[in-house]
Structures are given as C-alpha cells and as structure tokens.
Amino acid sequence: MSNSSGKMRLSKVILLAVASILVVGLSWAFLQYRRTGKGPDETPQKLTSKDVDPNRVLADFHELTASTVQAMNLKTSVAKVPRFSKVLHLRGSLAIDSNRLSHVHARFPGTIFELASVEGLKSLQPKSVSSNARPLQNFDEVKQGIPLAVIWSKDLGEKKSALASALAQLRLDIQTLERFKALTATGAISDREYREQQAKVEQGQIAAFTAERTLNAYLVTDAEIQQVKDSADKIHRNLDADKSYAADWPRVVVYAPISGVIVEKNTTVGEVVDANADLFKIADLSVLTVWLHPYEEDLAVLEQLPKPLKVTITIPGNEEIGELECEIDRFSPMIDPNEHMALLIGSVKNPERKLLANQFVRADVGIPVEKGLVEIPSNAMIDVGNDCIVYVHPDTSNPNFHRRRVSVVQRYFDVVYVRSELTDEQKQKGLQEIHANDAVVSGGLLELEDYLQQR
C-alpha cells in the first residue's frame, strides 16, 4: 500500500510540474504576441512603405501614449530653411588669360642682330651689361618697355630714306617757288609756270607727310623720325664728317609691350624673321583664367543664376593656399562631344604668383533655394500611394502627432525639400505646409504609420 501511494504522489507532482511549465510557456507566448504582434516562432520582418494600405484614410491628429512612443522608438528632427537647394562640386583648371598674353612681333622683317640678356641689351647699355650675362630665356620675368631684341631691317632703312628724299625734294621745290615768285613780278615767267611750281610744292608736302605717317604706322617713335629729319638736313649742308645717323638707320628695337613672364622664346641671333613671326610670348600672370566643367544636365540651372557667378575654388595640389574667390562671367556655347560636359570661364586674382597655369582646381557652386521651402531628412517622409506623408510633433512634451500630406519639390539622397507656403489650389487638394523649426518624425516613421493604419 505504501509503495502504491508513493507512486501516486510522485505522479501528481510530475503532472503539477508539467502543468506549471505549460502555463508559463503559454503566458510568455501571449505576452510576446501582445508586444510584437507576432508569434514566438515568427521571424520579425522589416516594415516598408509597401506594407501600408494607401486606401485607408487616417485622421490628421493622433494622440498616443508615452509607452507606445517609447516602444516604437520614435525620433524627431527639426525642419529648416536650406541655404542652397543644391551644391555643385565642379572640377577644372587654371590657364593663362588670353587678354593678358602678348605676342611680340618685329615691326619690320629683318635679321636678328642682338637679343637681350638678363641685364639688358649690350648695344644700348655697353657700360652696364656684362659680357657674360645670361640671355633671356623662357620663364624670365620682364618689365614693360625694356628692349628685348635688335633687328637690322632694310625695309625700315628704305622707309626712312623715303622720308629723307621727300624732305630734300620739298626743300628744292620751295626754293624754286621763291625764285619763280620774283621772276613772275618782272614778267620773266608766266603765271602758269608759277602755279605749276606751287603744285609741285604741295605734292612735295604730301609726299613728306605720307612718308612720316607711314613710319608712325610702323610705331617708329617721334624721336627716330626727328633723327631722320636731322640726318636729311646734315646731308643738305654737306656735313659729310658726321655719319652718326648711319649706325641707327636700319635698326629696329623690339620692346616688351607688357610686364610679365616670357612663356615662349622663338628666335636666336642671326635668324631672319618677318613681321608676322612671334619672337616672344609674354604673359601677365597676376590674373589667371578659371575653367570649370559642369555636367550637361546642370547647365540649365547655372544659366539662370545672376552673372557673374561668385565661386569659391581650392587647389588640390596646394591646400595651404586655402579658399579663393573668383568670378565666372562666361558660358561656352558648346558641349564637349566626348565628356558631354559644359565649360564655365572666369578669372581669379594671383598677385603673389602662388597659382600656376594649368593647375587643377575644385569649386563649389551653390544653387540658391527657391522661396517657401524647408528641408527635412529623407527618412522623415513616407510615400503612401500617391501621397507624401510627414508626421509633425508640435509639442515635444506631449505624445501628439499631426499627419500631413505635403508637396515635395526636390528629393536628394539625405534630404527632401517640401513647401512651407502653399497656394489656395494646393490647400484645396488637401496638402498641408511644413514650416521651419517644426519637429518631424524621422525615426520609426514606418512603424508609426502601420500602427495607426491597423488601429
């Protein structure tokens, strides 16, 4: 009897233990289902906007409990007025300004007789120029007005001779006219002969004037022209001992037209050159051209901005220079056929010569934002059917939320621009505004929408 009663008591204990385990398990499963809405064997699924039924219409105002807000882990962000609707990150390079690049030509064709050294031209400054001075080369800096080369040109000699001949003939014609005037008074010659001589004097004046102005057209200085006149006068007075004018008669001095750096030297002593040849190219590097390359699809937006564009550039190869302000004032009318990129052209000041031509540059161009927009995080908005939904938390001390259909202007990777000012027509369609400093739900938004749909 004792053995059978003991077995019965043991069976009851086991049954009570199994029943307790079942009760605990069922209770845990029920609580888990109440908390997550899923059974213990179900794998939680991440909610997407596709899970939301767009056909359900929710009220604009919703009041939740603090525990519900905490369970959903709702987070908010502040809507703000964007500074730029878009910032274009452009790449480009620097270049020599074509308006500051001078092509140095000879005024007359001839033979290069002398090239300047770093100390100057020896023929013009024999006492101050050393015989061992280095000739000017590429990338030497020169000042405006310094002599660069001497050319011997027969063309210049001929044009000077033409002026001297015209002056000599004019002098003779004037003397003849004076004699004719006296003879006319005595009746030795006719009035016709006198008038013909007057015409010769006028023709001589025109010839002298033409010869002088031709030299002016070739940029021969007034001092050189006066030297020709003085030389013609010496020849007339038979001052054969003074031949100083002969040394400079065919000499052409080439001067630097601007201050800058020699970027090309294309001649040597003894070379025969014509008036079209580039002897030197001198660049003023105090201002450089900026070339920027935006994508083709951004060009329409850039063209709407006021000119000139104020752009900040940086030099990747020399970050120590920092940010530099430049102005973009021209847009190329052509698109690169290979890269399909446009070209923006501007200028940047380079007074200390720290910037180098052909350096790479980076530039940021801000596209001003349209009036009446605010910026919210991209995860603060959900697409429900054809509607764009944002939840506003007007009072952070209370778990109250406003559900608003908004008008989206532009979407980017991390932010969305929505309208803070709507027209009456947009309001009649049920759209609502989001204003600056509004707190919008940016964390747990899908869970909140699904919860309200199911409730």
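A residue counts as exposed when its relative accessible area is over 50%, and as buried when that value is under 20%. Keep these cut-offs at hand during the tour, which goes through a predicted model.

Begin by selecting Phe139, in the loop between strand S5 (110-115) and strand S6 (141-142). Because its relative accessibility is 64%, Phe139 counts as exposed. Most residues other than glycine have a negative phi, and most peptide bonds are trans.

Next, move to Asn437, which sits in the loop between helix H8 (424-428) and strand S23, and which likewise has a positive phi, of about 75°, without being a glycine. Asn437 counts as exposed because its relative accessibility is 65%.

For a peptide bond of the cis kind, select Lys307 and Pro308, where the bond from the one to the other has an omega near -5°; Pro308 belongs to the loop between helix H7 (299-303) and strand S13 (309-314).

Now turn to strand S8 (residues 251-255), where four of the five residues are buried. Strand S7 (residues 147-152) pairs with S8 in the antiparallel sense over five bridges, and if you select Val150, you will find its bridge partner in S8 to be Val253.

Finish at helix H9 (residues 445-454), whose buried residues are Leu445, Leu448, Glu449, Asp450, Leu452 and Gln453. To see what covers these buried residues, select the elements around them, including helix H2 (66-72), strand S19 (387-392) and strand S20 (400-405).

Conventions:
Residues numbered from 1 in each chain as written. Predicted model: local features only at pLDDT ≥ 70, side-chain atom pairs only at ≥ 80, totals over all residues. Heavy atoms only, no water. Buried < 20%, exposed > 50% of the residue type's maximum accessible area, 1.4 Å probe, protein only. Helix = DSSP H or I, 4+ residues; strand = E, 2+ residues; numbered from the N terminus. Pairing = 2+ DSSP bridges. Contact = heavy atoms within 4.5 Å.
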